[in-house]
Amino acid sequence: MNNEKKMHFWIPDEETRRIEKKIMGGPKEMNVSFKEHGSKLSHSLQSIKELIEKTESNNSLRGKDILVYNVELPEGVKVQHRQDIFTANGMDVKAVRNERNAVVASTRSQFQILKERIENYTAIGKGRTYFDYVESFEPYIGSIKDSSGLKKTIQQEAPPVTIDVQFMLIPDLDIIFYESALQLLAEKINKGNGRMPEPVYYLSDKTPVIRAIIPSSTLAMYENDQAIFRIEKTCFFDVDADSIPVRTLDGLILNPNVNLAELPIVAVLDSGVIFPPNFESLIVRHWKDSNSNGGNAKHGTCVAGNAAFRYIAQNIQNNVITPRARIIDCNILDGGVSTQNLVQRIQEAVIEFADITKIFNLSANSEETIEGDTMSIISYELDVLQMRRGVQFVVSAGNHSLWRTQQTLEDILDDDDSRIAAPADSLYSVTVSAIIGETHEHSLSEKNYIAPYSRKGPGFKGLIKPDMCAYAGTLTEFGEAPPDPFSLCLTHDGMLAPNAGTSFSAPIVSGDLAEISNIIPNNDTLLAKALLFHNAVPLWDTDSMTEQEISFIHSLYGRGLSNIEESKFSSPSKVTFTRTGVLNRKTKERVLIYMPPILAAQTGRNVARVTVTCISAPPVDVSKGTEYLGAYIRASLKKTSDDGVDLLNVIPDFKEGRENWDICQYISKPFSKFYAGDWQVWLELFGRWDEKEIDVRYALVVTIEDVSKTLDIYSQIEQTNRYRPINEIRVRLET
């Protein structure tokens, strides 16, 4: 009975309740001596003025009426909650480094007024509501602007003679400031024996980024430039897929029972795709970016084959192969592509194909590990594209070479250099790691363990990354990828060859997501992603683990392996409810889920399980540092009490998966004794910055399950006529 496929239920608006939310809060009182504290603040302002004057020759904002410096708030006080401090005192917040530190700009007259106000504060305590909450003023110059990867390079015993870097200017300046600063920076780079190999690039928020190759000895000239906010090493993206073929695909035909026109489409952003003639009908279009020379199709064909056929070697029966997706070949990787060029090529591809497909696979990573508390430029640009265009990227976690030097898998996982690489930190993207499908001699890993080359999390601010995992080939200590049913990939010359890399696990999930999206109203990628995460199969029994152990497992495998069938269908004993909607900071939502009496009548231990996943699409801002996400939606589960009226809070066993300021909230809880009726999922949005009042879209998935798999709870819910099968409704997409 449990194998019978049922369509998921849709939760209509009639089964939700909107409640107005009262905005509460206010600053806590600080216990400081204004005379002593004011003296410290006054001294720090004077130090800023003197240091700016000392480094004026390096300032690309010289001649402009603007001073840039850092403001630090006390422990426990957040910039987002005390923006009045800045606006009331002539400080314009240009960027936020973390919750307590803001980079601000003032005119010279505003800076002088600020100094005078601090003097009054020191003398008589005037302005305590502001200055009690300022820990210090500091110059914003020096190595504080350097990324950790750049610092590591410069601090080597023998640093390189030249370095390839990117200068991100102070965000949100007037265009006249940018024009002047860019001209002066170009002159400084030229005079300092540097060069700019590419034109100035503008982020989606209009902030300029300059790529420059400079002598490493001149770095301080740029660290002390007020126009520059952040300096990082230039990342390059390249792919490689050389392998030895082991089988020909001659004579294979596509399954004639599959209507190719009905298959979902995955756009493969890679080095080109060359399918054999018998598979060419799966290619919707070959496209090359206008600035790309075109790749050799070795890597891109392997990637596209896994998106189109899943594990291709397992998909062949009697010379018939069954495809599950069509491919758009976006040929954008033609060697070492810089961040700037790659972003522009991706943007072109999305503009070209977003009306045809919403699923984009990107199996290319930087060699540099992520910063952790600062979102990478390329990941920010991917997040913005996904937020604005409604597309979904699936990206690889990245590969490392630690398997060449380390002796055990544990040694590899203990090494900080095995952390994920951009764009794997993108919050909106689905990041995929690789696990081993078969055990092989001379490999540091084995079946169902992380691959010896696969990068691990956590992601930005310690959040769950990777999101998912998929099987792929392993590597032996000799650098070989042995053949097995999970390592064999399609080559550009129509053969099967073993390969290894997260490049080839990512398209497995891309195709899975496309399959799920294909059965959802409007092919809604947000709901498809929620179903993908919701039904992921963990590789370990997390019910018996501690919070710390679960967090570690998530850093290797994410939420687990895809379960396409349960993502697409309910069954008599496992029923899934779905819904999409919007929330803002002024409203809460109560979503009603019916728990049937037949399930509540069960006796025994842990007879039922309820699982909730909520994914949201909030705004992002790369200039906000650790406060990157503009909003998040908190989800909580409430169960009925014995009187059938009151609701009781369900306390999940673990906090892991329900972090604040994340796009995903996950709850899973077994129940032994409970009452039937209307349970509720409470949704509440929290916002910050200028995005507090906007509507944020969400996708909600809730599953109730009879653990014994013997009860037909689907029919009992269906008989209430409150929820309709998802294939019978058409959903209006909120924007």
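Visitor: What joins strand β4 (residues 67-72) to strand β6 (residues 101-106)?
Guide: They are joined by 6 bridges and run antiparallel. Strands pair if DSSP finds at least two bridges between them, so with 6 bridges β4 and β6 are a pair. A strand here is a DSSP run of E of at least two residues, a helix a run of H or I of at least four, each numbered from the N terminus. This is a predicted model, in which local features need pLDDT of at least 70 and side-chain atom pairs pLDDT 80 or more, while totals for chains, interfaces and linings use all residues. Residues are numbered from 1 along each chain as its sequence is written, and side-chain values use heavy atoms, without hydrogens and water.

Visitor: Which residue stands opposite Glu-72?
Guide: Asn-101 in β6 stands opposite Glu-72.

Visitor: Why are β5 and β7 called edge strands?
Guide: The open sheet has 4 strands in the order β5-β6-β4-β7, with antiparallel pairing. Both β5 (92-98) and β7 (136-139) pair on one side only. From one strand to the next, the twist averages 30 degrees.

Visitor: Which helices lie on these strands?
Guide: Helix α1 (residues 34-54) lies across β4 and β7, at about 10 degrees to β7. Helix α3 (residues 108-124) packs on the sheet and touches β4, β6 and β7. The direction of α3 makes about 35 degrees with that of β4.

Visitor: Why is Ser-180 called buried?
Guide: Buried means under 20% relative accessible area (exposed is over 50%, partly exposed in between; 1.4 Å probe, protein chains only). Ser-180 has 17% relative accessibility, so Ser-180 counts as buried. Ser-180 sits in helix α6 (residues 175-191). Not counting residues up to four places away in sequence, Ser-180 touches Ser-60 and Lys-64, where contact means heavy atoms within 4.5 Å.

Visitor: Is Ala-451 buried or exposed?
Guide: Ala-451 has 1% relative accessibility and therefore counts as buried. Ala-451 belongs to the loop between β23 (430-436) and β24 (468-472). Leaving aside neighbours within four places in sequence, the contacts of Ala-451 are Ala-434, Ile-435, Ile-436 and Ser-445. Ala-451 and Ala-500 are 49 residues apart in sequence, and their C-alpha atoms are 8.8 Å apart in space.

Visitor: Which residues of helix α14 (residues 547-557) are buried, and what covers them?
Guide: In α14, Ile-550, Ile-553, His-554, Ser-555, Leu-556 and Tyr-557 are buried. The cover of these residues includes α11 (409-414), β23 and β24. Just after α14, Gly-558 takes a positive phi of about 60 degrees.

Visitor: What makes the contact between α8 and α12?
Guide: From α8 (residues 298-309) come His-299, Cys-302, Val-303, Asn-306 and Ala-307. From α12 (residues 502-517) come Ser-503, Phe-504, Pro-507, Ile-508 and Gly-511. By type, the residues of this contact are 6 nonpolar, 4 polar and no charged; Ala, Val, Leu, Ile, Met, Phe, Trp, Tyr, Cys and Pro count as nonpolar, Asp, Glu, Lys and Arg as charged, and the others, Gly among them, as polar.

Visitor: How many residues has the largest nonpolar core?
Guide: The largest nonpolar core has 108 residues, and those with the most contacts inside it are Phe-275, Phe-577 and Leu-683. A nonpolar core is a set of buried Ala, Val, Leu, Ile, Met, Phe, Trp, Tyr and Cys residues joined through side-chain atoms within 4.5 Å. Leaving aside neighbours within four places in sequence, Phe-577 is in contact with residues including Phe-9, Ile-11, Leu-700 and Tyr-723. A second, separate core has 75 residues, among them Val-103, Ala-212, Leu-362 and Val-620.

Notes:
Axes fitted to C-alpha atoms, helices over the stretch in contact; angles between N-to-C directions.
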